[in-house]
Amino acid sequence: MDNAVNGYIESLIKDRSELLSEMETFAEAEGVPIMELAGIETLLQLLRIQRPARVLEIGTAIGYSGLRMAEALPDAAIVSIERDENRYKQALDFIKRSPQNDQLDIIFGDALETIQEAESKGPFDALFIDAAKGQYQKFFDLYSPYLAEGGVIYSDNVLFKGMVAEENVENKRIRNMVNKLKSYNDWLMNHPDYHTVIIPVGDGLAVSRKI
(Lines give C-alpha, C1' and ligand atoms only; values in the text may rest on other atoms or scores of the structure.)
Protein backbone atom coordinates (compact mmCIF):
# COMPACT_ATOMS: atom_id res chain seq x y z
CA MET A 1 0.00 0.00 0.00
CA ASP A 2 1.13 3.56 -0.70
CA ASN A 3 3.01 4.86 2.36
CA ALA A 4 1.01 8.08 2.47
CA VAL A 5 -2.29 6.20 2.38
CA ASN A 6 -1.08 3.75 5.00
CA GLY A 7 0.05 6.61 7.22
CA TYR A 8 -3.32 8.29 6.84
CA ILE A 9 -5.15 5.10 7.83
CA GLU A 10 -2.90 4.61 10.85
CA SER A 11 -3.53 8.22 11.92
CA LEU A 12 -7.24 7.41 12.22
CA ILE A 13 -6.73 4.39 14.48
CA LYS A 14 -7.56 4.97 18.12
CA ASP A 15 -4.79 4.95 20.71
CA ARG A 16 -4.13 1.63 22.38
CA SER A 17 -3.99 1.02 26.12
CA GLU A 18 -0.91 2.00 28.12
CA LEU A 19 0.26 -1.64 28.22
CA LEU A 20 -0.19 -2.21 24.49
CA SER A 21 1.58 1.07 23.69
CA GLU A 22 4.45 -0.05 25.94
CA MET A 23 4.60 -3.34 24.02
CA GLU A 24 4.70 -1.51 20.69
CA THR A 25 7.59 0.65 21.92
CA PHE A 26 9.38 -2.42 23.30
CA ALA A 27 8.93 -4.32 20.02
CA GLU A 28 10.35 -1.46 17.98
CA ALA A 29 13.33 -1.01 20.30
CA GLU A 30 14.12 -4.74 20.50
CA GLY A 31 13.38 -5.61 16.88
CA VAL A 32 10.51 -7.91 17.78
CA PRO A 33 8.29 -8.60 14.76
CA ILE A 34 4.70 -7.66 15.59
CA MET A 35 1.92 -7.00 13.08
CA GLU A 36 1.81 -3.62 11.40
CA LEU A 37 -0.92 -1.43 12.85
CA ALA A 38 -3.24 -1.34 9.82
CA GLY A 39 -2.79 -5.07 9.37
CA ILE A 40 -3.72 -6.04 12.89
CA GLU A 41 -6.70 -3.69 12.91
CA THR A 42 -7.95 -5.46 9.77
CA LEU A 43 -7.44 -8.86 11.40
CA LEU A 44 -9.29 -7.76 14.54
CA GLN A 45 -12.24 -6.44 12.55
CA LEU A 46 -12.51 -9.71 10.65
CA LEU A 47 -12.40 -11.60 13.93
CA ARG A 48 -15.11 -9.37 15.40
CA ILE A 49 -17.29 -10.23 12.40
CA GLN A 50 -16.48 -13.93 12.65
CA ARG A 51 -16.80 -14.05 16.48
CA PRO A 52 -14.73 -17.22 17.09
CA ALA A 53 -15.00 -18.87 20.50
CA ARG A 54 -11.50 -20.40 20.33
CA VAL A 55 -8.47 -19.08 18.44
CA LEU A 56 -5.13 -20.81 17.88
CA GLU A 57 -2.17 -18.54 17.19
CA ILE A 58 1.12 -19.91 15.87
CA GLY A 59 3.82 -17.45 16.87
CA THR A 60 3.26 -15.63 20.17
CA ALA A 61 6.38 -13.44 20.15
CA ILE A 62 5.82 -11.06 23.11
CA GLY A 63 2.06 -11.67 23.22
CA TYR A 64 1.00 -8.48 21.46
CA SER A 65 -1.35 -9.94 18.86
CA GLY A 66 -2.72 -12.43 21.36
CA LEU A 67 -3.67 -9.63 23.74
CA ARG A 68 -5.12 -7.58 20.90
CA MET A 69 -7.30 -10.54 19.88
CA ALA A 70 -8.39 -11.15 23.47
CA GLU A 71 -9.35 -7.49 23.84
CA ALA A 72 -11.38 -7.58 20.60
CA LEU A 73 -13.01 -10.90 21.53
CA PRO A 74 -13.81 -10.70 25.26
CA ASP A 75 -15.62 -14.05 25.26
CA ALA A 76 -12.96 -15.97 23.32
CA ALA A 77 -10.15 -18.23 24.48
CA ILE A 78 -6.79 -17.65 22.78
CA VAL A 79 -4.24 -20.48 22.62
CA SER A 80 -0.81 -19.44 21.36
CA ILE A 81 2.43 -21.32 20.60
CA GLU A 82 5.94 -19.87 20.98
CA ARG A 83 9.25 -21.72 20.56
CA ASP A 84 11.68 -18.96 21.64
CA GLU A 85 12.16 -19.22 25.41
CA ASN A 86 13.06 -15.55 25.86
CA ARG A 87 10.04 -14.38 23.85
CA TYR A 88 7.84 -16.86 25.75
CA LYS A 89 8.93 -15.42 29.11
CA GLN A 90 8.48 -11.85 27.85
CA ALA A 91 4.97 -12.73 26.66
CA LEU A 92 4.06 -14.19 30.05
CA ASP A 93 5.34 -11.05 31.80
CA PHE A 94 3.25 -8.76 29.59
CA ILE A 95 0.16 -10.97 29.67
CA LYS A 96 0.03 -11.21 33.47
CA ARG A 97 -0.23 -7.40 33.58
CA SER A 98 -3.28 -7.39 31.29
CA PRO A 99 -6.95 -7.59 32.30
CA GLN A 100 -7.26 -10.18 29.50
CA ASN A 101 -4.67 -12.50 31.06
CA ASP A 102 -7.19 -15.25 31.86
CA GLN A 103 -8.16 -15.52 28.18
CA LEU A 104 -4.68 -16.53 27.00
CA ASP A 105 -3.04 -19.94 27.22
CA ILE A 106 0.56 -19.97 25.96
CA ILE A 107 2.23 -23.22 24.90
CA PHE A 108 6.04 -23.25 24.99
CA GLY A 109 7.51 -25.30 22.16
CA ASP A 110 8.01 -25.65 18.43
CA ALA A 111 4.68 -25.59 16.61
CA LEU A 112 5.94 -28.44 14.44
CA GLU A 113 6.08 -30.57 17.61
CA THR A 114 3.22 -29.33 19.82
CA ILE A 115 0.34 -30.73 17.77
CA GLN A 116 -1.03 -33.06 20.43
CA GLU A 117 -0.99 -30.42 23.17
CA ALA A 118 -2.75 -27.91 20.91
CA GLU A 119 -5.24 -30.53 19.74
CA SER A 120 -6.29 -31.15 23.35
CA LYS A 121 -7.31 -27.49 23.60
CA GLY A 122 -9.36 -27.46 20.38
CA PRO A 123 -11.23 -27.52 18.14
CA PHE A 124 -10.63 -23.96 17.00
CA ASP A 125 -12.83 -21.56 15.07
CA ALA A 126 -9.87 -19.50 13.86
CA LEU A 127 -6.21 -20.20 13.24
CA PHE A 128 -3.71 -17.34 12.99
CA ILE A 129 -0.34 -18.18 11.39
CA ASP A 130 2.39 -15.65 12.15
CA ALA A 131 5.62 -17.57 12.74
CA ALA A 132 8.46 -18.92 10.57
CA LYS A 133 7.38 -17.95 7.06
CA GLY A 134 9.17 -20.87 5.45
CA GLN A 135 6.97 -23.27 7.43
CA TYR A 136 3.55 -21.75 6.69
CA GLN A 137 2.31 -24.65 4.57
CA LYS A 138 3.43 -27.17 7.21
CA PHE A 139 1.65 -25.21 9.92
CA PHE A 140 -1.48 -25.07 7.77
CA ASP A 141 -1.39 -28.82 7.09
CA LEU A 142 -0.66 -29.74 10.70
CA TYR A 143 -3.28 -27.59 12.39
CA SER A 144 -6.10 -27.20 9.86
CA PRO A 145 -7.54 -30.62 10.88
CA TYR A 146 -8.41 -29.04 14.25
CA LEU A 147 -10.37 -26.23 12.66
CA ALA A 148 -14.12 -26.34 13.25
CA GLU A 149 -16.55 -26.46 10.35
CA GLY A 150 -16.68 -23.08 8.65
CA GLY A 151 -13.52 -21.98 10.45
CA VAL A 152 -11.08 -19.40 9.12
CA ILE A 153 -7.29 -19.45 8.79
CA TYR A 154 -5.49 -16.09 8.77
CA SER A 155 -1.89 -15.93 7.47
CA ASP A 156 0.20 -12.80 8.03
CA ASN A 157 3.20 -11.51 6.02
CA VAL A 158 2.15 -13.20 2.78
CA LEU A 159 3.25 -10.21 0.67
CA PHE A 160 6.58 -9.89 2.50
CA LYS A 161 7.11 -6.15 2.04
CA GLY A 162 5.90 -6.44 -1.55
CA MET A 163 8.81 -8.68 -2.53
CA VAL A 164 6.52 -11.47 -3.75
CA ALA A 165 5.70 -9.20 -6.70
CA GLU A 166 9.36 -8.66 -7.63
CA GLU A 167 10.95 -10.66 -10.44
CA ASN A 168 14.47 -10.64 -9.02
CA VAL A 169 15.56 -10.59 -5.36
CA GLU A 170 19.34 -10.39 -5.05
CA ASN A 171 19.82 -11.62 -1.48
CA LYS A 172 19.78 -15.44 -1.60
CA ARG A 173 18.29 -15.97 1.86
CA ILE A 174 15.51 -13.46 1.23
CA ARG A 175 14.96 -14.87 -2.27
CA ASN A 176 14.41 -18.34 -0.80
CA MET A 177 11.91 -16.92 1.68
CA VAL A 178 10.08 -15.02 -1.05
CA ASN A 179 9.88 -18.14 -3.21
CA LYS A 180 8.44 -20.15 -0.32
CA LEU A 181 5.80 -17.48 0.28
CA LYS A 182 4.96 -17.36 -3.42
CA SER A 183 4.53 -21.12 -3.39
CA TYR A 184 2.37 -20.89 -0.26
CA ASN A 185 0.17 -18.18 -1.73
CA ASP A 186 -0.35 -20.15 -4.94
CA TRP A 187 -1.11 -23.30 -2.96
CA LEU A 188 -3.58 -21.40 -0.75
CA MET A 189 -5.43 -19.83 -3.63
CA ASN A 190 -5.86 -23.22 -5.28
CA HIS A 191 -6.69 -25.24 -2.16
CA PRO A 192 -9.86 -27.26 -2.88
CA ASP A 193 -11.14 -27.06 0.71
CA TYR A 194 -10.79 -23.31 1.29
CA HIS A 195 -11.88 -20.03 -0.24
CA THR A 196 -8.95 -17.61 0.08
CA VAL A 197 -8.44 -13.91 -0.48
CA ILE A 198 -5.22 -11.93 0.03
CA ILE A 199 -5.73 -8.45 1.45
CA PRO A 200 -2.92 -5.96 0.64
CA VAL A 201 -2.85 -4.40 4.10
CA GLY A 202 0.06 -4.32 6.54
CA ASP A 203 2.48 -6.94 5.27
CA GLY A 204 -0.26 -8.86 3.48
CA LEU A 205 -3.02 -10.88 5.15
CA ALA A 206 -4.43 -14.06 3.62
CA VAL A 207 -7.91 -15.07 4.78
CA SER A 208 -8.90 -18.69 4.08
CA ARG A 209 -12.39 -19.88 4.96
CA LYS A 210 -13.01 -23.59 5.25
CA ILE A 211 -15.67 -24.71 2.76
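**View 1. Strand S1 is largely enclosed by the rest of the structure, because 4 of its 5 residues (54-58) are buried.** Buried here means under 20% relative accessible area, calculated with a 1.4 Å probe on protein chains only. Strands are DSSP runs of E with at least two residues, helices are runs of H or I with at least four residues, and both are numbered from the N terminus. S1 runs parallel to strand S2 (residues 77-82), and 5 bridges join them. Ile58 has Ile81 as its bridge partner in S2. Two strands count as paired if DSSP finds at least two bridges between them.

This is a predicted model, in which local features need pLDDT of at least 70 and side-chain atom pairs count only at pLDDT 80 or more, while totals for chains, interfaces and linings use all residues. Residues are numbered from 1 along each chain as its sequence is written, and side-chain values use heavy atoms, with hydrogens and water left out.

**View 2. Here are the residues that an unreviewed UniProt entry annotates as "binding site": Met35, Ser65, Glu82, Asp110, Ala111 and Asp130.** Met35, Ser65, Glu82, Asp110, Ala111 and Asp130 from this set belong to the lining of the largest pocket. UniProt positions follow the numbering used here, feature names are shortened, and annotations may be inferred rather than shown by experiment. On a 1 Å grid over the protein atoms alone, a pocket is an open set of points with protein on both sides within 12 Å along at least five of seven lines, and its lining residues have an atom within 4 Å of a point.

**View 3. Met35 sits in the loop between helix H2 (18-30) and helix H3 (37-50).** Met35 is buried, with a relative accessible area of 5%. Not counting residues up to four places away in sequence, Met35 touches Ile40, Leu43, Phe128, Asp130 and Asp156. Contact means heavy atoms within 4.5 Å.

View 4. Ala111 is buried, at a relative accessible area of 6%. Setting aside residues up to four places away in sequence, its contacts are Ile58, Ile81, Phe139, Leu142 and Tyr143.

**View 5. Asp130 lies in the loop between strand S4 (124-129) and helix H7 (136-143).** Apart from neighbours within four places in sequence, Asp130 is in contact with residues including Met35, Ile58 and Asn157.

Definitions and conventions. On a 1 Å grid over the protein atoms alone, a cavity is a set of points where a 1.4 Å probe fits but cannot get out, and a pocket is an open set with protein on both sides within 12 Å along at least five of seven lines; lining residues have an atom within 4 Å of a point. Buried means under 20% relative accessible area, exposed over 50%, partly exposed in between (1.4 Å probe, protein chains only).
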